[in-house]
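Me: I'm new to this one. Can you walk me through some of the strands, loops and holes?
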Amino acid sequence: MAATLRIQSDWSQALRRDEGEAWLSCRSPGKPTLYGSLTRRGLSTEGVPDIAASEGFVVGEVTKKSILISCPHENVSTKFLAPYTTFSRIHQKSITCLDISSGGGLGVSTSTDGTMKIWQAANGEIRRLLEGHVYDVNCCRFFPSGLVVLSGGMDAQLKIWSAEDASCVVTFKGHKGGILDTAIVDRGRNVLSCSRDGTARLWDCGKSSCLGVIADCGSPINGIAVGTADDSVNLGTPEKAPSEREIGTEGKILLLAREDKKLQGVGLQSRQSVFLFDGSDAFNCCTFLSSTYFLAGTQDGNIYQLDVRNTNAPIQIIHRSGAPVLSLFPYRDGFIASQGDGTCFIIQQDLDYVIDLTEADCDPVYKVAPWEKQIYTCCRDGVVRRYQLGDL
């Protein structure tokens, strides 16, 4: 991506005032940064601000919560979106992970305040406190049913919780280091975890047992993603017949985002390496876009798009800033990414502009969780933000 447009984080607040002003910048690699401003001139009869841009920038569509800005000289345009609502009372400190249930009614989140909570996605009202991990909880996600939560903590334990009564129904032990990420296979008879101990493990929920070590990398695994691989990809053959407790592992590939700057693909059923890709820095996160394409983000701000059929070279490398890429999620025809400098953005494959989710300022946005036309983010500032996208 050649050029990046940025806007003052609280632009929607700044432009609510008469003659309010917000600052702009456009940065292209190897070129001087272009600076400009937006000024509110008044209000339309519908209550929408009338916004003018300084020289070099052009204002497109404006609504109460969004503004489209272009920089014709660099041939770049970005739609900036302010939060529809914010929840600041769920946790007392940084929120490190969140997820939204499949029905959209509930959220779950973990925090450096030592708590994990379930809350109403519509208004942030707390419904349940999930207590049982010894130290910080690093990751949480809903099962497809929306009634059960999977979590992993620094205590090296993986736990399954009832979202209805907050009871812990299963605890998995086996990792020797903190659990950093999880994944759910199909409907959730089996789940996956990765850890600082360098292993990724497959677990049987019904028997509360480990079905096997899928990979042992000798380096912390920061993130994982499981997906169905393209039919042309050779996933290897298991050395011995899989357990009858393995449900839905055939034809699946597991991505491993590793601390040692490597991105690895492993056949989930075969436990055999499919590819090993060298990146520019530690890999923090990864996700599938389809059975063919996937993404992975690094500590130095690179987002690699690769083709599972040929991982020798990336299809493209997207670099908007040098801040760590902390979260990636497929969305419609593109994806959502968040970074350590407070940026959170959507890139659509069929659009020529980016949608920037604003107001996190410079605090890292640790996780994104889309549900239909809404996107939730969590941040170091302890705020959950909900964005309403409407029709892109």
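Reply: First, a term: two strands pair if DSSP finds at least two bridges between them. Strands are DSSP runs of E with at least two residues, helices are runs of H or I with at least four, and both are numbered from the N terminus. This is a predicted model, where local features need pLDDT of at least 70, side-chain atom pairs count only at pLDDT 80 or more, and totals for chains, interfaces and linings use all residues. Residues are numbered from 1 along each chain as its sequence is written, and side-chain values use heavy atoms, with hydrogens and water left out.

Me: OK. What is the order of the strands in the open sheet that has β17 in it?
Reply: The order is β17-β18-β19-β20. These four strands pair in the antiparallel sense.

Me: Which strands stand at the edges there?
Reply: β17 and β20 (209-216) do. Each has a single partner strand, so one side of each is left without a neighbour in the sheet.

Me: And how are neighbouring strands turned against each other?
Reply: By 20° on average, direction ignored. Here axes are lines fitted to C-alpha atoms, for helices over the stretch in contact, and angles run from 0 to 180 degrees between N-to-C directions.

Me: What holds strands of a sheet together in general?
Reply: They pair through backbone hydrogen bonds, either parallel or antiparallel.

Me: Let's look at β18. Is it mostly covered or uncovered?
Reply: Mostly covered. Six of the six residues in β18 (190-195) are buried. Buried means under 20% relative accessible area, exposed means over 50%, and partly exposed is in between, using a 1.4 Å probe and protein chains only.

Me: Which way do the residues of β18 point?
Reply: Asn-190, Leu-192 and Cys-194 point one way. Val-191, Ser-193 and Ser-195 point the other way, and all of them are buried. In a regular strand, side chains alternate between the two faces of the sheet.

Me: How many bridges join β17 to β18?
Reply: Six, with β17 covering residues 179-185.

Me: What about β19 and β20?
Reply: Six bridges, antiparallel again. Arg-201 stands opposite Val-213 in β20. The loop between β19 and β20 holds Ser-208. Phi of Ser-208 is positive, near 55°.

Me: Is Lys-261 buried or partly exposed?
Reply: Partly exposed, at 40% relative accessibility. Ser-208 is partly exposed too, at 38%.

Me: Switching topic. How many cavities of 30 Å³ or more are there?
Reply: One, from a search of the whole structure. On a 1 Å grid over the protein atoms alone, a cavity is a set of points where a 1.4 Å probe fits but cannot get out, and lining residues have an atom within 4 Å of a point. The largest cavity has a volume of about 30 Å³. Grid points are joined across faces, edges and corners, and a volume is the space filled by probe spheres set on the points.

Me: Which residues line the largest cavity?
Reply: Among them are Cys-344, Leu-357, Thr-377, Arg-385 and Tyr-387. β34 (374-379) and β35 (384-388) each supply at least two lining residues.

Me: Last one. Where does Ile-315 sit?
Reply: In the loop between β27 (302-307) and β28 (316-319). Ile-315 is partly exposed, at 45% relative accessible area. Ile-315 and Arg-201 are 29 Å apart in space, C-alpha to C-alpha.

Technical notes. On a 1 Å grid over the protein atoms alone, a cavity is a set of points where a 1.4 Å probe fits but cannot get out, and a pocket is an open set with protein on both sides within 12 Å along at least five of seven lines; lining residues have an atom within 4 Å of a point.
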